[in-house]
Amino acid sequence: MDVPFRVSETPCFFRRRWRSDWAKMGKALIRQLVENPEYLVRSERTIPQRFRVPNEAAHPMFVQVDFGLVRDAAG
């Protein structure tokens, strides 16, 4: 399958403290979802039957959290 847009990645190097803070924020965001019974019920409904897996684990094996970095008027 061809990707209809150009994919690129640029390596970025951030302070260790920032990475640590982002990791903590990512964990907090994920916990808000996987520990919320209402979210789990609603998200389960969105998965078509043909993609459901028997004996699926209660928590995802892999997750990804993307952060957008922006610059405000103060820099």
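A salt bridge here is a side-chain nitrogen of Lys or Arg within 4 Å of a carboxyl oxygen of Asp or Glu. This is a predicted model, in which local features need pLDDT of at least 70, side-chain atom pairs count only at pLDDT 80 or more, and totals for chains, interfaces and linings use all residues. Residues are numbered from 1 along each chain as its sequence is written, and side-chain values use heavy atoms, with hydrogens and water left out.

**View 1. The whole chain, to get your bearings.** The protein chain has two helices and zero strands; both kinds of element are DSSP runs numbered from the N terminus (helices are H or I, at least four residues; strands are E, at least two). Its radius of gyration is 17 Å, whereas a compact globule of 75 residues would have one near 11 Å (taken over C-alpha atoms; the globule rule is 2.2 Å times the number of residues to the power 0.38). Of the 75 residues, 3% are buried (buried means under 20% relative accessible area, exposed over 50%, partly exposed in between, with a 1.4 Å probe and protein chains only).

**View 2. Asp 21 and Arg 17, a pair within helix H1.** Their side chains meet in a salt bridge, at 3.5 Å from N to O. The two residues are four apart in helix H1, about one turn of the helix. Asp 21 counts as partly exposed because its relative accessibility is 24%, while Arg 17, at 56%, counts as exposed.

**View 3. Two further salt bridges.** Glu 35 pairs with Arg 31, with the closest N and O atoms 2.8 Å apart, and both of these residues are exposed. In helix H2, Arg 42 and Glu 38 sit four residues apart, about one turn of the helix, and form a salt bridge whose closest N and O atoms are 3.2 Å apart. The count for the model comes to four salt bridges.

View 4. Met 25, Leu 29 and Phe 67 make a nonpolar surface patch of about 260 Å² (nonpolar patches join side chains of Val, Leu, Ile, Met, Phe, Trp or Tyr within 5 Å, from residues with over 30% relative accessible area and no salt bridge; areas come from the Shrake-Rupley method with a 1.4 Å probe). Met 25 lies in helix H1, residues 16-34, and is partly exposed at 40% relative accessibility.

**View 5. Asn 55 and its backbone.** Asn 55 lies in the segment after H2 and is exposed, with a relative accessible area of 80%. Its phi is near 60°, a positive value in a residue other than glycine. Most residues other than glycine have a negative phi.

Technical notes
Patches are made of residues with over 30% relative accessible area and no salt bridge: like charges are joined within 9 Å, nonpolar side chains (Val, Leu, Ile, Met, Phe, Trp, Tyr) within 5 Å.
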